[in-house]
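Subject: Structure handover

Hi,

Here is the model for you to look over.

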Amino acid sequence: MYKLINKVKELNPLVLHYTNEVTINDCANITLALGASPLMSYSYEEVDEIVSIASAVVINIGTMNSNRLELFVKAGKAANKYNKPVILDPVGVFATKTRADFTNRLLNEVKFDVIKGNIAEIKYISGFDVRGKGVDSFDDGEDISEIIKKISKKLDSVVVATGKVDFISNGEKVIKVLNGSEKLKSITGTGCMTGSLIGSYLGTGYDKLECAAMGVLTMSLSGELASEISKGIGDFKVNLMNNIYFLTAEKIREQGRIK
């Protein structure tokens, strides 16, 4: 699994993003840091053509621009049409009924290979009670291994739930990532960037569960390593990007903590 990082650098997959304005630059840079190639688009006119050449498609509903909702649906359907792996990040789905309704529409009309969110977002879209505010999850560190397996089977997708411990499941297996840092919550966009990392690994064409786990592990481990040498959140963000850029399969094998 760890050698997937070498495949990203070798294949340089093209990761197409339909994402929010707040984190779009960070998502592009984190994709480059890992070794993939980012592409961003808000054009209705080029959807079919641009999805057809992409290696993976990331759909992130973060800023809920009314003019782009149909675009996200169209992009998801095009990804299915061309058999491109597609990731959904239902940011803040529990914040408003509008977000919840739109996420349900996406889930009904598009087949997603990976659905990634924080623990509250993932539990919410499957009908569980959640604790959160806006786009933030109040994660108390509970073990959701059995819950996430049920959610994965229900949604027919690999599901990623990030928190104090990150959980990734395909409905049969559960991978838990124990690396991480509290500082990852202190800068905006680390969740969105994790979606970009997952998209980069999925673009290699390898096992979806392992690709999703590697995307999460890359962020969590790099955040942990960056936190060790950072005084504040400004240099933490720089060090996070640098650690992803210099990350190797050997370092992941030695310092990654997964179950």
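Helices H9 (residues 208–228) and H10 (residues 233–246) cross at roughly 125°, and their axes come within 8 Å. Angles of 65 to 115 degrees count as roughly perpendicular and those over 145 as roughly antiparallel. H9 is therefore oblique to H10. The crossing of H9 with H10 is right-handed. Please keep in mind that this is a predicted model.

Which residues make the contact of H9 with H10? From H9, they are Thr218, Met219, Ser222, Gly223, Leu225, Ala226 and Ser227. From H10, they are Phe236, Asn239, Leu240, Asn243 and Ile244. Six of the residues in this contact are nonpolar and six are polar. No charged residues take part in the contact of H9 with H10.

Next, the packing of H2 and H8. Helix H2 covers residues 24–34, and helix H8 covers residues 190–202. Their axes lie 9 Å apart, at an angle of about 40°. Angles under 35 degrees count as roughly parallel. H2 is therefore oblique to H8. H2 and H8 also cross in a right-handed sense.

On the H2 side, the contact uses Asp26, Cys27, Ile30, Thr31 and Leu34. On the H8 side, it uses Cys192, Met193, Ser196, Leu197, Ser200 and Tyr201. By class, the contact of H2 with H8 has seven nonpolar residues, three polar and one charged.

The volume of the largest cavity is about 50 Å³. Its lining consists of these residues:

- Thr19, Asn20, Glu21 and Tyr42
- Asn60, Ile61, Thr63, Met64 and Asn65
- Arg68 and Phe72

The lining of the largest cavity divides into four nonpolar, five polar and two charged residues.

Four residues in the lining of the second largest pocket are nonpolar, five are polar and four are charged.

Best wishes

Notes:
Residues numbered from 1 in each chain as written. Predicted model: local features only at pLDDT ≥ 70, side-chain atom pairs only at ≥ 80, totals over all residues. Heavy atoms only, no water. Nonpolar A, V, L, I, M, F, W, Y, C, P; charged D, E, K, R; others polar. Axes fitted to C-alpha atoms, helices over the stretch in contact; angles between N-to-C directions. Helix = DSSP H or I, 4+ residues; strand = E, 2+ residues; numbered from the N terminus. Left-handed = near helix turned anticlockwise from the far one by under 90°. Contact = heavy atoms within 4.5 Å. 1 Å grid on protein atoms, 1.4 Å probe; cavity = no way out; pocket = protein on both sides within 12 Å on 5 of 7 lines; lining within 4 Å. Points joined across faces, edges and corners; volume = space filled by probe spheres on them.
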